[in-house]
Amino acid sequence: MKEKGWKDIPWGGLILEEGNAEEYKTGSWRTHRPVWDEKKCTHCLLCWVYCPDSSIIVKEEKFKQFDYDHCKGCGICSTQCPTKAIHMEEEGKFVIKTEGGK
Amino acid sequence: MGRIVGLTGDEATAEAMRQINPDVVAAYPITPQTETVQRFSEFVAEGIVATEMVRVESEHSAMSACVGAAAAGARAMTATSANGLALMWEICYIAASYRLPVIMAVVNRALSGPINIHCDHSDSMGTRDAGWIQIYSENCQEAYDNLIQAVRIAEEEKVRLPVMVTFDGFIISHAMERVEILEDDEVSQFIGKYKNAYSLLDVDSPVTYGPLDLYDYYFEHKRQQIEAIEISPEVIQKIGREFKDLSGRYYDLMGSCHLEGAELVIVAAGSTAGTVESVVDELREKGEKVGLLKIRIFRPFPAKQIAEALRGVRAVAVLDRSVSFGAQGGPIFLEIRSALFDEIKPPAVVNYIYGLGGRDIGVDEIERVYKNLERIAHTKKVDELVGYLGLRE
């Protein structure tokens with residue numbers, strides 16, 4: 001994304017477009033990532049309730065996947081999961097594909 | 001048209017606020033501003049203004065409430081003095097950087113400590129870099145007139161900056177003077193309706209105020225603020241002309257000056273400009289070539305106009321009612337001296353710090369300044385760049 005000059009941006013740091021926080025990818029902030037164990041998951045979706053970054057993707061009322069572009073690795077989902085179907089692993093073990101913020 | 005009444009500076013300010021009838025006023029009482037807010041609260045209690053009055057627990061909250069209200073699309077006003085302004089500090093910068101046209105009366109009072117309730121300009125001068133437009137008033141009439149014009153200046157689309165209107169604590173705030181008040185409908189027509197293009201309450205065009213703004217865009221937003229305040233003089237002059245059509249009283253970037261044929265000039269802001277003016281009238285009757293340049297708009301500083309106005313002058317004394325500790329003189333002096341740097345034949349310029357903590361300044365001291373200027377113009381020698389008036393050695 002090419003950054004705009006001072007004449008081409010709204011004043012005062014205003015953001016005029018709703019819901020554009022999604023464009024800001026925060027996945028690279030993660031030091032640990034949640035990993036899902038399909039066998040243990042009962043699809044109670046407590047992870048979806050607790051996730052502060054809306055990074056639990058649900059399809060047809062079932063857990064589908066994590067949004068690793070935005071998940072910051074806080075681990076709340078793994079703490080809340082009643083069946084221990086989510087555990088945290090070192091991010092370094094995975095290839096980092098996102099470049100958060102750009 | 002209008003009526004003539006006896007009002008103190010605080011009362012004249014409250015009267016202007018009543019006629020402006022802002023959507024929101026959030027304020028906390030502090031001497032010598034108290035009577036402004038007290039009187040305005042009576043207007044609210046009596047139901048003669050439609051204002052939502054927010055009785056906050058501190059000035060930090062007062063300015064925060066004004067920021068929230070202005071972002072929501074309301075016309076928001078407040079008033080404060082000295083330590084109250086100091087407590088607002090953080091939010092003053094936020095109001096300016098979010099481009100919110102908050103209007104504030106600052107009743108000039110010395111900052112603590114030691115604690116002092118009387119006039120000097122240390123409070124408003126301290127906020128001179130906060131991004132607000134600053135208008136200094138000499139008397140009750142100017143405080144009233146400037147506050148009404150401030151609404152238009154702040155809300156002008158290409159400016160959109162908060163405006164601070166100052167007047168001297170006690171000397172003006174508590175002194176009763178003859179003030180010409182406009183009709184209520186004249187004021188409401190002059191200021192018009194506030195239209196915020198980006199209202200937080202506009203659910204059809206949602207907008208985010210105050211996002212994190214790091215090294216990628218913060219600098220660009222500061223550049224926009226610079227542009228807005230640099231454009232403001234033409235707006236201030238345009239509104240000054242419109243105000244003259246309405247009231248018969250004309251305001252430019254500089255205050256009214258006595259510079260015709262002047263060789264020795266005193267620069268002053270606030271009520272002292274009036275004292276200087278009376279000395280100028282007296283000395284001019286004796287044929288002395290003395291003059292006055294009154295500061296009105298201090299931010300943005302009208303450097304070009306002032307340099308032009310002082311062309312041909314031999315010696316200038318700048319009176320500062322505040323200290324910039326460790327600097328090369330008071331805040332007004334620094335601006336004036338810098339403004340004259342590119343002149344081919346700049347006058348000699350000296351600085352006098354005076355009136356701190358409400359210390360009185362009399363005509364005899366001002367006469368002495370003109371005598372010193374005469375000596376400087378004659379000998380072309382400045383012994384003391386920064387001096388002090390009315391200070392015991």
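**Helices and sheet of chain B**

Helix α8 of chain B (residues 218-247) has 30 residues and reaches 41 Å from first to last C-alpha, close to the 44 Å expected at 1.5 Å a residue. The expected span is 1.5 Å times one less than the number of residues. Helices (H or I, at least four residues) and strands (E, at least two) are DSSP runs, numbered from the N terminus. The model is predicted: local features need pLDDT of at least 70, side-chain atom pairs count only at pLDDT 80 or more, and totals for chains, interfaces and linings use all residues. Residues are numbered from 1 along each chain as its sequence is written, and side-chain values use heavy atoms, without hydrogens or water.

α8(B) bends by about 35° at Ser232(B); the bend is the angle between axes fitted to the seven residues ending there and the seven starting there. Pro233(B) follows within four residues. Just after the helix, Gly248(B) takes a positive phi of about 85°.

Helix α2(B) spans residues 34-45. Its buried residues (under 20% relative accessible area, 1.4 Å probe, protein chains only) are Thr36(B), Val37(B), Phe40(B), Ser41(B), Phe43(B) and Val44(B). Seen down the axis, they fall within an arc of 155°, so they line one face of the helix. The arc is that of the directions from the helix axis to the C-beta atoms. These residues pack against α1, β2, β3 and β4 of chain B.

Seven strands form an open sheet with mixed pairing, in the order β3-β2-β4-β5-β7-β6-β11 (chain B). Strands pair if DSSP finds at least two bridges between them. The edge strands are β3(B) and β11(B). β2(B) and β3(B) pair in the parallel sense over four bridges.

Technical notes. Chains lettered and ligands numbered in written order. Buried < 20%, exposed > 50% of the residue type's maximum accessible area, 1.4 Å probe, protein only. Contact = heavy atoms within 4.5 Å.
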